[in-house]
Structure formats: structure tokens, C-alpha cells
Amino acid sequence: MLRFTQILASLFAVGLLVSCESTSSPFEGPPTVDVEAAPPESLSELQLFLWDPGEGFVYNERVVPYELNTPLFSDYALKERAIYVPEGETMGYDGEGVFSFPVGSVIVKTFYFAPDMREPLVDRELIETRVLMHTSEGWEAWPYIWNEEQTDAVLSPSGATRALSFIDPQGEPREASYLVPQRNQCSSCHVRNIGEGGEAVLTPIGPAARHLNRDLDYGAGAENQLAHFLDVGILNALPAMTPAAFDFRRIEADGVDAIPAAEVDFAARSYLDANCAHCHSPEGTAGVTSQLFLNHDNEDDFRLGVCKRPGSAGGGTFGRTYDLVPGDPEDSILYLRVETEEVGAMMPQLGRSVEHTMGSALLYRWIAEMEPVDCGPMMPPPGG
Amino acid sequence: MRKTTWILMVALAFGLAACDDGAPADGDAGPGDAGSSGFENADCDDFDTANCVRVEGGDAQGLLDAVNTIDSDTTIVLGAGTFELSNQVTIRGVNTLNLVGQGMDETILAFTSATSQINGVDVIADGFLVQDLTVLDAPKDGIRVEDSDGVTFRRIKATWSEPGLSTNGAYGIYPVRSLNVLVEDSVAERSSDAGLYVGQCINVVVRNNIVRENVAGLEIENTQYADVYGNLAENNTAGIVAFDLPGNPVVGRDVRLRDNMILNNNHENFAPGGTVALIPPGTGTFALASRRIEITGNTYTGNQTGDIAVLSGLAIEEASVWELETSTLVGDWEDLGLLEGATPGTVTNFRTENVVISGNTHTDGGLAPEPHGDFGVLIRVLFTEDPVPSVIYDSIGEEFSTDPTMHTNVNRICVGGNTGGTGVASLDVPSQLLSPMSPILVVADAPFAPFDCTTIEGDPIVVPTF
């Protein structure tokens with residue numbers, strides 16, 4: 001009897017019993033997002049989600065997790081993504097680009113690692129959560145780094161670097177030098193020249209129809225993500241003819257060789273679109289400089305790299321001449337830069353310190369199976 | 001308002017002293033007060049900005065916190081000392097920003113331990129000044145500024161610890177796609193591509209800098225209205241060069257390379273790849289796919305392969321690659337008379353034309369051409385006995401003739417009034433590629449037809465003043 005009283009008292013003291021009685025939600029009301037205010041010091045203050053090592057990610061109302069068909073590779077980091085749309089508002093459907101988000105929306109992406117990525121849910125450690133807030137003046141990006149106790153994440157505008165060791169999904173031991181980007185580095189990937197007069201503006205990258213059109217289990221079995229968005233009232237429309245990018249889970253499950261030859265181009269172009277086109281597109285920062293366009297809808301083979309010399313590749317050419325030599329991946333700078341782990345040469349510039357073996361194998365096969373093209377003899381170089 | 005609050009919060013949290021109206025808030029270490037803080041020469045009151053943040057010498061975290069939390073119209077003053085950085089100094093979302101150290105030998109941003117593929121200082125900001133500091137061992141580029149209007153580099157150094165390593169970063173001082181750029185009194189050395197690179201910029205002055213031990217010392221690429229003078233280019237693979245690359249929406253024009261010292265640019269080519277890897281050591285200057293260029297009053301000494309080469313863009317890429325959609329071009333180009341491309345709605349910029357080379361002094365050039373790359377081999381084969389002529393012209397686009405009076409000069413390449421040197425070699429490159437023994441025209445005495453002209457055709461070259 002005494003013991004029961006003690007337990008009750010301690011439950012009251014931490015407020016657990018009270019909150020359990022009043023509501024089943026562990027949150028104190030709906031998300032407390034004020035995108036026009038300074039970002040809070042602690043991620044938990046936004047009340048978007050909680051992390052419980054036992055339960056996993058627990059979401060507040062109007063915060064909906066999602067996954068991408070072909071995700072961006074970041075040193076094998078596992079990512080938990082979610083969208084928050086304010087009550088009474090919806091995202092505007094777009095068949096090509098990123099959905100239009102109402103002001104007040106927030107996108108959160110949490111990066112975590114497990115000691116053995118073949119069992120990604122065992123002993124996982126949260127590293128950072130990136131928060132994109134849609135203010136009345138545009139998107140703002142804020143990095144939060146998780147504390148050692150894994151109880152909360154702290155606003156960390158200047159980022160960090162972390163040395164990590166883990167077993168990758170293929171069972172290979174990996175040593176990564178993982179970069180938590182500083183606030184200003186977010187623009188390296190997220191800025192596109194789509195503002196009025198071509199000005200550079202921060203934009204989300206992932207949440208476009210083609211990337212979101214896939215299934216996810218929201219607790220009642222597999223469900224199409226976009227249909228779920230519509231159901232819970234955060235998306236305004238869903239046309240039947242919704243495009244879908246290649247589902248990279250097929251490669252993760254069965255390997256690159258299992259993909260039918262007819263789908264290799266689609267898979268590779270989806271991969272390039274997700275991993276490269278945020279910079280290498282007509283609106284992207286590197287695209288403008290290099291004129292290499294890897295967006296899925298680029299139809300210009302030369303701008304895709306075919307027999308194209310790089311702009312200013314620095315150490316990234318490996319003595320090769322052309323970005324992409326059809327039929328010859330080993331002579332294609334595009335492949336070599338994705339495959340290498342050499343600092344100064346590897347692509348993408350941020351977010352990768354180890355090779356994505358599945359991704360580079362896909363690009364290898366894509367180039368190898370292209371109809372060979374003679375890019376021409378070496379012409380005399382400049383010099384006197 | 002929101003941002004101001006935020007900045008104050010961070011400044012307090014990290015103990016940074018913010019100082020308004022140019023007065024040091026904490027009262028210590030003002031000019032002349034050489035304490036342990038490392039603030040000696042430059043301080044807040046030297047700069048006319050609304051905000052100022054002082055970061056103690058060596059406080060790398062403080063520097064990163066500062067650049068990620070500042071508002072526009074801010075001066076960041078860095079104390080003397082070495083800042084060991086593992087991530088780049090990224091500046092975004094603000095305008096009118098000064099990043100100022102205590103001198104290039106005093107304030108050093110060292111990226112020696114960086115393990116990511118980062119630049120040293122990476123900036124997009126209108127009205128950006130970087131002054132009095134060194135960037136050491138950046139994995140990629142030393143100081144990169146892009147998409148900015150009003151950029152000043154003054155008394156800064158970009159360098160790497162070891163000379164001649166192909167693993168050194170690509171570019172030292174790197175303004176790109178920017179307007180109104182001034183680079184002065186600075187040093188760029190040991191980069192594995194170009195030490196001081198100005199690309200896709202409009203209105204540029206590059207003066208009184210030193211570039212040495214780079215693959216390419218000083219490059220002006222796809223740039224309009226540039227005055228490049230008083231610079232010393234020594235012991236690079238190639239000294240000072242001007243060219244266009246294909247496919248770029250800025251067509252280069254009105255570039256003046258004048259009164260520079262271009263000495264002994266014979267450094268081994270240590271580029272890990274790219275177009276510059278093909279440049280033969282011993283190259284003074286080349287103009288490639290360029291128009292409206294003046295190369296005047298320069299001193300060329302001891303460049304062993306040759307002093308000046310004038311080359312068509314067709315020497316590196318076929319004509320179709322050089323097509324530019326006119327709707328995408330930026331800057332001034334309508335008056336250039338660019339050739340139309342085969343595709344409707346395009347022009348091409350491979351042609352090198354309207355180049356004046358005069359008043360230069362040539363000493364000991366072309367005495368030992370390096371057979372490096374196809375072009376180097378060609379030069380070496382052609383000039384086994386005599387020194388390589390001071391100016392080499394590939395004659396692409398001309399009616400070639402061994403009789404000078406019959407040789408056309410439709411590209412209007414003017415060579416005259418130079419001192420020393422050994423004249424012009426007009427190479428029949430297309431024929432040379434087929435047969436190394438085909439004709440070559442060497443004219444030893446100036447002035448000589450058909451290159452007998454000394455002024456730009458049309459309006460005078462336009463360059464900005466700063």
C-alpha cells in the first residue's frame with residue numbers, strides 16, 4: 001500500500017498521470033510554431049515531435065511524416081522527415097516542382113545513425129534535426145544538434161563535424177566525417193535562382209509529387225503518402241496522373257543488377273535528380289557555372305554531360321576529358337566524382353564523405369549500357 | 001527586429017563583444033593597445049557599418065557563430081592569431097559585410113585539418129570586403145565570392161602549405177559571377193588550378209597583386225570590362241591568361257592586361273586534371289576565344305615555352321559546343337558582331353579577334369619549350385633550333401599563306417611596337433595537325449603585314465576605375 005502511494009505521488013510529481021488523464025497526447029496542445037519569431041533554443045519548444053528511444057518518433061497533430069522515392073544520400077545517415085502545415089491551411093499540389101507551402105509551415109528532417117545500419121532501428125543515435133520554416137519573408141533554415149542524453153536538440157547555427165563509425169547496409173565498416181552544416185551552408189543546396197529577377201531564394205528540395213508518390217505505413221498498413229496528406233487535410237488536391245520517381249528501395253533490396261535494362265535510365269535519372277539537381281539545374285548554383293544540368297526533365301544530352309568538358313572541375317577530372325562518355329563509365333568524370341572519396345574531387349560537395357556504393361553502381365551501369373559515342377579526339381589545349 | 005534580438009542573444013551567449021557606432025563595447029584592445037586579444041591594427045571604429053563583431057584571434061567557434069548570426073551592415077573584426085577551422089566560413093543572407101583581420105601574416109584562417117570538401121571563405125553578399133588575412137590549406141577554393149555586387153579583396157593571401165601538390169585546392173582568390181570587383185595588393189600562390197581567378201564578372205580591376213607557384217597564375221575568364229595592371233606573375237605554369245569557355249552566358253570582352261611583370265613562369269604543371277593540366281610549363285600569356293583584348297606594356301622575362309599565344313576556341317572545342325542562345329546572354333554583346341551559330345537563335349564565341357599586342361618587353365622567352373600536352377609538343381617540334389617567337393597565332397579563321405602579304409588578318413590581331421623578342425609565328429594549325437611539316441609563317445621584324453596595326457578596331461576598350 002505504501003509503495004502504491006509512492007508511485008502515485010511520483011507520477012503526479014512529473015505530471016505524467018495528469019497528462020495521461022486529460023489527453024492521450026504527450027504534447028501540451030498543438031504545435032507552438034511561430035515562424036515570425038526567433039527560432040527557439042530547444043527543438044522541443046516547437047512541439048512538433050518527440051523522440052523516445054523505445055517508441056521512436058512521436059508526432060503532434062498536423063505533423064505528418066513522409067519518405068522519398070529516391071532520397072538524397074548523406075553518408076548513409078537515416079532520415080526521419082515530417083511536414084507541419086498550420087490548422088486551416090493546405091499545401092498546393094504541383095505536378096513538377098516542390099509543393100507550395102503556406103506561411104507557417106515547417107519541414108523537419110532528423111539525421112540519425114545506428115552502429116549497424118543493417119538493423120537501423122537498433123541503438124540508433126540522433127545527430128541533428130534540420131528545420132525549414134516558411135516565414136512571411138521566405139524560407140529560413142535552422143540546424144539543431146541533439147544532446148548526448150538524446151532528450152532534446154539545441155539550436156546550433158554554426159554546425160559541427162562528427163567522426164562516425166558504423167557498419168553500412170552492405171555490412172562494410174565505414175568511417176565517416178559527418179558534417180552538420182552551419183546555418184549559412186543550408187543555402188548551398190537549398191538556394192535556387194527562381195526569385196523575381198532571378199534572385200536566389202531558399203526553397204525546400206524533397207517534397208514534390210514525384211518524390212512523395214509512394215507508400216508509407218501510417219499505422220494502418222501501407223498507404224499512399226499523397227493520399228494520406230489529402231486525407232488528413234494538409235494537401236489541397238491530388239490529380240490521378242501524379243508522377244513518381246524511381247523507388248530506390250528496389251535497389252537497396254535487390255541490388256543494381258536486378259533492375260531491368262529498360263528501367264536503368266529512369267532509375268539513374270531519378271538518382272541524379274535527387275542527389276545532384278538541387279545544384280546542377282538551370283536554376284541551381286552549380287548549374288549556372290558548369291552548365292551541367294542533371295534535373296530529371298533536362299533533355300539536352302550535352303548539358304547532361306555527354307561529350308561535355310567540365311567547367312572548372314579543379315581536382316575532380318581524374319585526368320579525364322569529358323563529363324560523360326556513353327559506354328565508358330571509367331572515362332566519365334560524372335561517375336568518377338560520385339564514386340571517389342577524395343576530398344576536393346567528390347560530389348556532392350556537401351553531405352558526403354563516403355561512397356554510396358549502390359548509387360555509384362547504378363550510375364556505372366547506366367553509363368556502361370549507353371550506346372557508345374566517340375566524343376572526338378583530344379584537340380590541342382590552350383597554351384603557348 | 002527579430003534578427004537584431006537574435007544576434008544580441010547569440011553575442012551574449014558566446015561572449016562576443018558587439019560594438020555599435022564603431023566604438024569597442026568592452027573598451028579594451030583598441031588600436032595601439034596590443035594586448036593578448038590580438039586586436040592591433042584594425043578595429044571596429046575603422047569601418048563605417050552599423051554593427052561590429054570582434055572575434056578574438058584563434059576563436060574559430062566564435063568566427064563561425066558570428067557569420068551565422070549577423071545582420072546586414074556589419075564588420076567582423078578578427079584578432080591576430082590562427083583560427084583552426086574544420087568547416088568553411090560561409091556568409092549568406094546579408095549585405096554590406098566587412099571581414100577584416102590584422103594583416104595577412106597576423107590573422108590566419110587555417111583549414112589544414114578540414115576533412116570535408118569545403119572552401120575556405122564562401123560568400124554571397126552584395127558589398128563584401130575581405131581584408132588583411134590569410135586563408136591557408138582550403139580543401140577547395142581559398143576565398144570564393146559569387147553572385148555579389150561590389151566585392152573587394154585587399155591585402156589578403158590565399159595559399160597552401162606545400163608547393164606543387166596536386167591535392168592543393170583549385171583556386172585561391174575566386175570572384176565569380178559578380179559585378180564591380182576589385183582585387184588589390186593580394187597574394188595567391190600554390191593553387192592546383194588558378195591562383196587569382198576572375199570568372200563571369202562585369203567591371204573588374206585587378207591590380208598590384210602577386211601570383212606565384214600556381215598552375216595558372218591569374219585568369220580572366222568570360223569577363224567583361226577588366227583592367228589588369230601592376231601585377232607580378234612569377235613561377236606559375238602559365239602567368240596571366242584571358243579566355244572564354246564555351247556555353248557561358250557572359251561573353252568576354254574589353255579586357256586590358258597592361259604593365260604587368262610576367263616572369264619565369266616555368267613551374268611544373270601539377271594540376272590534377274582539367275583544361276589547365278594541358279598547359280605547357282613556360283607559358284607567359286594566352287588569349288583564347290577572346291575579343292577586344294589589349295596586351296600592352298607588360299614585361300615578359302624567361303618564360304621558356306613562349307610569351308604570348310593567341311588561340312581560337314576551336315583549338316579546344318568544335319564550333320557547335322560554342323553556340324550560345326542569345327536569349328540567355330547577359331551583359332553587353334550585341335555590338336560585338338559575334339558569328340551566328342548553325343542553330344537558329346544562337347551566336348558563337350570561339351573566335352579570337354580584335355587583339356592588340358603592343359609596347360611589351362620580351363627577354364629570354366621561348367628558349368626551352370616544354371613538350372607538355374599536344375600544343376606543347378607541337379611547339380617543341382616546330383622550334384627545335386630557334387627560340388619560340390614572342391607571339392604565336394594559330395591562324396584559325398584566316399586564309400593562310402607563307403607570303404605575308406597574302407595572309408589574311410580577318411580576326412584583326414595587331415602586333416607592333418614591342419621591344420626585344422622574336423616576332424610572330426603564324427601557325428597553320430589545321431594543316432599542322434594533319435602534317436607536322438606543313439607550312440609555318442614566321443615574321444621576325446615589326447611592323448609587318450598583315451599584323452601591322454596597334455589599336456583596337458571600333459570604340460576604345462572600356463575598363464572601370466576604382
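Q: Which residues touch the most other members of the largest nonpolar core?

A: First, the basis. This is a predicted model, where local features need pLDDT of at least 70, side-chain atom pairs count only at pLDDT 80 or more, and totals for chains, interfaces and linings use all residues. Residues are numbered from 1 along each chain as its sequence is written, chains are lettered from A and ligands numbered from 1 in the order in which they are written, and side-chain values use heavy atoms, with hydrogens and water left out.

Now the general idea. In soluble globular proteins, nonpolar side chains tend to be buried together. A nonpolar core is a set of buried Ala, Val, Leu, Ile, Met, Phe, Trp, Tyr and Cys residues joined through side-chain atoms within 4.5 Å. Buried means under 20% relative accessible area, exposed means over 50%, and partly exposed lies in between (1.4 Å probe, protein chains only).

Here, the largest core has 74 residues, and Leu63(B), Leu109(B) and Phe128(B) touch the most other members. Helix α2 (residues 60-67) of chain B gives the largest share of this core, five residues. Helices (H or I, at least four residues) and strands (E, at least two) are DSSP runs, numbered from the N terminus.

Q: Which residues does Leu63(B) touch, not counting residues up to four places away in sequence?

A: Contact means heavy atoms within 4.5 Å. With those sequence neighbours not counted, Leu63(B) touches Val55(B), Leu78(B), Phe83(B), Leu85(B), Val89(B), Leu99(B) and Leu109(B). Another core, of 45 residues, lies apart from the one above; among its members are Leu164(A), Val180(A), Ala267(A) and Trp366(A).

Q: What pattern do the disulfides of chain B follow?

A: Count the bonded cysteines along the chain: the pattern is 1-2, 3-4. Cys44(B) is joined to Cys52(B), S to S 2.0 Å. Cys44(B) is buried at 1% relative accessibility, and Cys52(B) is buried at 3%. Cys414(B) is joined to Cys453(B), S to S 2.0 Å. Cys414(B) lies in strand β33 (residues 413-416) of chain B, and Cys453(B) in the segment after β36 (440-443) of chain B, 39 residues apart. The link of Cys414(B) and Cys453(B) is left-handed, with -100° about the S-S bond.

Q: Where does Gly345(B) lie?

A: Gly345(B) is in the loop between β28 (323-325) and β29 (346-348) of chain B. Gly345(B) is partly exposed, at 49% relative accessible area. Leaving aside neighbours within four places in sequence, Gly345(B) contacts Leu324(B), Glu325(B) and Thr326(B). Gly345(B) and Thr326(B) are 19 residues apart in sequence, yet 6.1 Å apart in space, C-alpha to C-alpha.

Notes. A disulfide is a pair of cysteine sulfur atoms within 2.5 Å.
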